[in-house]
Amino acid sequence: MGEDSVSVEDEVLLAHGYSEWSSHNIETLPVAVVYPRSTEECSEMVKICLKYKIPIIPYSGGSSVEGNFSAPYGGVSFDFVQMGAILELHSADMDVVVQPSVSWMDLNEKLKAHGLFFPIDPGPTAMIGGMVGTNCSGTNAVRYGTMKDWVVNLTVVLADGQVIKTRRRPRKTSAGYNLTGLFVGSEGTLGIVTEITLKLAPIPEETGVGVVTFPSMRKAAETAIEVIRKGIPVGAIEILDDVQMGVINRVGSTLRVWEESPTLFFKFAGTKNSVQDNIAEVAKVVKSHGGSDFEFAQGEEQQKQLWSARKQALWSMLSLRESGGESWATDVAVPLSRVAELVEVCKKEMDALGLFGSMLGHIGDGNFHETILYDGTKPEERAKVEKCVRDMVHLAIGMEGTCTGEHGIGLGKKSFLKEELGPGPLNVMRAIKKSLDPFWLMNPGKIFDR
């Protein structure tokens, strides 16, 4: 390890313990940041931390929102910025081996020439290591699933420095426990992921993007769920409320003016004929629910422009924060039959706050998000936002839903996890944690307490 493998500079420590994206920042920061360059070097660093019982916080991308990489017990942040390589591409097998700090967007740029892509698409700044840690999702989940569906195997450094590979490279296996699935979504609390083998998909022959507006969020949500129930194969269905569409207009980042109404964005993918057929079927459903005429684009540049409103949504919202302004971004997910009711209730409660908040989500798989801006210098405003979020999560859990569809638990949703799962599953998780990390060094304080 060289001298540049460790930093204790104040600005670096702050960047690794505080995030402007997060709703759950704390005062405690890591005492140092290390930059491993290989699995072997990471293992040696972990052994040093074990010797001195120093907490370890993996860091990759830094765009999580639930305090997932905060340092409540100090410790050392393991930043994988020096491990951002694509190690192997097996195009014939449609898989790729990458290090944690590979950007999913950069990966897809490099895969284009091979006619392949990696379909999980969270926020633009996300990196593969963090995506594994939170079992992230994105706009393509309704067609392609979530991160857990695309991870073949992992190389993991355990709390004692031991290095394991969770399985081999076939797409299916019945050999023993599903260790890969155990580490995906564990938020770095069981070990540090240093290499990831990902499945890839062929780039569709034809794609299309459509946008349609509705008189209410409930009508938009009902339309989305009917499309899914009819089995119409869409690539994505995203919902944005009237406030969010207005935000995008105010920021002007998409080079056009949008109607400020509840809006659904659809992606289509497949053969040319199947895309046209699917568009026609969706248009019928939209019309039956009082939606507007489709605005549709098939050319690549037109599609980017049309889809840009959805991809710019969070950044547009955050850009409106004023001095002292904070944002609270959170998500829940419920069974499809309860989506329309949940969206309607939560929209009314959020609008009643008297603060600036918007709603959007991956409505096709029952997952939606709220982002609320408030004055961080006014405790009463934060209390109002916290109650609104708490009520939303309680309502979702009461509908047999989950407190988080894709953000993870981190610091922010530990109390809700107990409500959602009950003591039995949490005790099993603690037993697994204790067996792999007896000194509670791996990202302590996340998911559940000791």
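Helices (H or I, at least four residues) and strands (E, at least two) are DSSP runs, numbered from the N terminus. The structure is a predicted model, in which local features need pLDDT of at least 70, side-chain atom pairs count only at pLDDT 80 or more, and totals for chains, interfaces and linings use all residues. Residues are numbered from 1 along each chain as its sequence is written, and side-chain values use heavy atoms, with hydrogens and water left out.

A pocket is an open set of points, on a 1 Å grid over the protein atoms alone, where a 1.4 Å probe fits, with protein on both sides within 12 Å along at least five of seven lines; lining residues have an atom within 4 Å of a point. A volume is the space filled by probe spheres set on the points, which are joined across faces, edges and corners.

The largest pocket has a volume of about 1200 Å³. Its lining comprises 36 residues, and K112, K267, E300, Q303 and K304 lie nearest the centre. Among the elements that each supply at least two lining residues are helix 3 (104-111), strand 12 (206-213) and strand 14 (263-270); helix 10 gives the largest share, six residues. Because domain 2 (86-202) and domain 3 (206-399) both contribute to this lining, the largest pocket lies between them; the domain bounds come from an automatic or database domain assignment.

The second largest pocket, with a volume of about 670 Å³, is lined by 27 residues, of which V184, G185, I409, L417 and M429 lie nearest its centre. Two or more residues of this lining come from each of helix 4 (128-134), helix 14 (414-421) and helix 15 (423-436).
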